[in-house]
Amino acid sequence: MDNIYVSPTEFASISGVSRQTLIFYEKKGIFLPAYKNEKGYRFYLMSQLDIIATIQSLQKIGLSLEEIKDYIEHRNAQSTYELFSNKINTLKEIITTYHKMINMMETKCQLITKANQILTDMVYIEYRDEIKIIKSDYIPFNSKEINQYKILGEHIKYRKKQNHSLGHAISGMVEWKKMLKSKRKKTFYQYYYTILDNQLEDENYDIIPSGNYLVIYHKGTYETSYQSYHLFLDYAKKNHLVLDDIAYDESLIDELTEANPQNYITQISVKFKKELKWALFYPYFFYIVVFFRFQLNSVFLNECYLVLLLQVHLH
């Protein structure tokens, strides 16, 4: 088979490589005909099929023509091992990036689906599993707005450096009770945070604890999410709930999916616990203790009276 010469057309047909590609390879000095006659006609040996198959394989794994030329001329077992090892690592990184892109798009589709199913301006109760997050630096409540944006900028840079920018959108933590009492007309975040799909080994992370949460879906710009916070107070009061001080603002519909900021949907969550039932009876205990305090003049009842007086005041 080694001594069988064929024309470029025949070689192209057998190898599956077009005649034009063979000419292109020849011009680049990568793959040459085995023989040219006095009239300039090119001929290839059938033994060259192995080389053309090698070139095609190297192109598929992403080598440039210059890299392929150098490899063909100097290849040996060690150089092949080094080449393939490096390419494996490169391809793994590409695969990881593509997986993150797929996860980002799947997450966006899930969030859009959720946004289409919920009602705004009403309170839901939802159980949330523990969530790993990366937080920004703390932003004091009395800070100027420019400081908030500076820390946001730093968090964006960190996300990009750690390759988190293909995941969830940036979210915010708000001291929502302070927000309601203040004169601010824009939601002011104490932390920005990013939800982690996977923890990096060398990266510290915080946790949003698992548990039951009151959830509101606010329609409008990020800056106006605070306008829905009062719904938490109303619901908690009616249902005797104790609410945490931190609200978690997470985007369902954001600038990536919607051109009009008035159509953004923000999920706002506040962890709660049920108020102890016996605390509801403080007023009744108070009046009973008052009665017996004056009847028996007991030191113990005097102490109970003072404790209950404080609890009634608090509740």
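Residues are numbered from 1 along each chain as its sequence is written. In this predicted model, local features need pLDDT of at least 70, side-chain atom pairs count only at pLDDT 80 or more, and totals for chains, interfaces and linings use all residues, while side-chain values use heavy atoms, with hydrogens and water left out.

Reader: What is the order of the strands in the open sheet of eight strands?
Author: Helices (H or I, at least four residues) and strands (E, at least two) are DSSP runs, numbered from the N terminus. Two strands pair if DSSP finds at least two bridges between them. The pairing in this sheet is antiparallel, and the order is β4-β9-β11-β10-β6-β7-β5-β8.

Reader: Which are the edge strands of that sheet?
Author: An edge strand here pairs on one side only. The strands that do so are β4 (123-128) and β8 (206-208).

Reader: Which residue in β8 does K132 stand opposite?
Author: Strand β5 (residues 131-135) pairs with β8 in the antiparallel sense over three bridges. In β8, the residue opposite K132 is I207.

Reader: At about what angle does helix α5 run to β10?
Author: Helix α5 (residues 77-117) lies across β4, β9 (211-219), β10 (241-253) and β11 (265-274). Axes are lines fitted to C-alpha atoms, for helices over the stretch in contact (heavy atoms within 4.5 Å). Angles run from 0 to 180 degrees between N-to-C directions. For α5 and β10 the angle is about 115°.

Reader: Why is one side of β1 and of β2 left without a neighbour in the sheet?
Author: Three strands form an open antiparallel sheet in the order β1-β3-β2. One side of β1 (5-6) and of β2 (35-36) has no neighbour because each stands at an edge with a single partner strand.

Reader: Is S171 buried or exposed?
Author: S171 lies in strand β6 (residues 171-175). Leaving aside residues up to four places away in sequence, S171 touches Y191, Y192, Y193, D249 and E250. Buried means under 20% relative accessible area, exposed over 50%, and partly exposed in between (1.4 Å probe, protein chains only). With a relative accessible area of 4%, S171 is therefore buried.

Reader: What is the relative accessible area of H240?
Author: H240 is found in the loop between α8 (230-239) and β10. Although H240 is not a glycine, its phi is positive, about 55°. Most residues other than glycine have a negative phi. H240 is partly exposed, and its relative accessible area is 35%.
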